[in-house]
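Here is a short report on one protein model.

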Amino acid sequence: MLEYDVVAKRIDAHGSAAHCKDAEIILDTDVNGRADAFNPAELLLAAIAACMIKGIERIAPMNHFTYRGVQVRLHGVRQDSPPFMASISYELIVDTDEDDRRLELMHTNVRKFGTVSNTVAAATKLEGRIVRASKA
């Protein structure tokens, strides 16, 4: 089993910092919010995105899937009382020349083997689609 450790500490009434390995991320823990840091709900969405992108990084070499880039767009809907993420939707955008069948296979594998996305999907509605990046 893998284990993870993160330590977070309040800096002041406007924010906190989380530390892991040699990394630090500033957290929006201000009750009025702040524009220069992720709040807890945004961190959750970012964790899902990172999980999906990391999944592609891990799966692509095994399946000989070639791509030039990946973007994930997420939208979370928060219920007020009790506070809860009622649903999360995403669009996984992959810049690739792979055919539609292989693109869908990548989506299946990303969903099947994503630690964070599987954890979130067990607790709330998580749905989305994979699409090919448009050639602009």
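Where does Thr 96 lie? Thr 96 sits in the loop between β5 and α2 (100-113). Helices (H or I, at least four residues) and strands (E, at least two) are DSSP runs, numbered from the N terminus.

The model is predicted: local features need pLDDT of at least 70, side-chain atom pairs count only at pLDDT 80 or more, and totals for chains, interfaces and linings use all residues. Residues are numbered from 1 along each chain as its sequence is written, and side-chain values use heavy atoms, with hydrogens and water left out.

**Thr 96 and its surroundings**

Thr 96 is buried, with a relative accessible area of 1%. Buried means under 20% relative accessible area, exposed over 50%, and partly exposed in between (1.4 Å probe, protein chains only). The side chain of Thr 96 reaches the backbone nitrogen of Glu 98 at 3.0 Å. This is a polar contact (a pair of N or O atoms within 3.5 Å; within protein, one must be able to donate a hydrogen and the other to accept it, and residues adjacent in sequence count only if both atoms are side-chain atoms). Leaving aside residues up to four places away in sequence, Thr 96 touches Phe 65, Thr 66, Tyr 67, Arg 68, Leu 103 and Arg 132. Contact means heavy atoms within 4.5 Å.

**The aromatic pair**

Two of these contacts of Thr 96, Phe 65 and Tyr 67, also pair with each other. The structure holds 1 aromatic pair. Phe 65 and Tyr 67 are tilted, at 6.3 Å centre to centre and 40° between the planes. Rings of Phe, Tyr and Trp (its six-membered ring) pair if their centres lie within 6.5 Å; planes under 30 degrees apart count as stacked, over 60 as edge-to-face and the rest as tilted. Phe 65 is buried at 5% relative accessible area, whereas Tyr 67 is partly exposed at 23%.

**Strand β5**

Ser 87 belongs to strand β5 (residues 84-95). Its C-alpha atom is 5.8 Å from that of Gly 76, 11 residues apart along the chain. Beyond four places in sequence, Ser 87 touches His 75, Gly 76, Val 77, Thr 124 and Lys 125.

**Backbone details**

Most residues other than glycine have a negative phi, and most peptide bonds are trans.

A cis peptide bond joins Ser 81 and Pro 82, with omega about -10°. Pro 82 is in the loop between β4 (69-79) and β5.

**The largest pocket**

How much space lies in the largest pocket? About 990 Å³. Of its 24 lining residues, the closest to the centre are Tyr 4, Val 6, Ala 47, Ala 50 and Val 116. The elements that give two or more residues to the lining are β2 (15-20), β3 (23-27), α1 (40-63) and α3 (115-123). The largest share, 8 residues, comes from α1.

On a 1 Å grid over the protein atoms alone, a pocket is an open set of points where a 1.4 Å probe fits, with protein on both sides within 12 Å along at least five of seven lines; lining residues have an atom within 4 Å of a point. A volume is the space filled by probe spheres set on the points.
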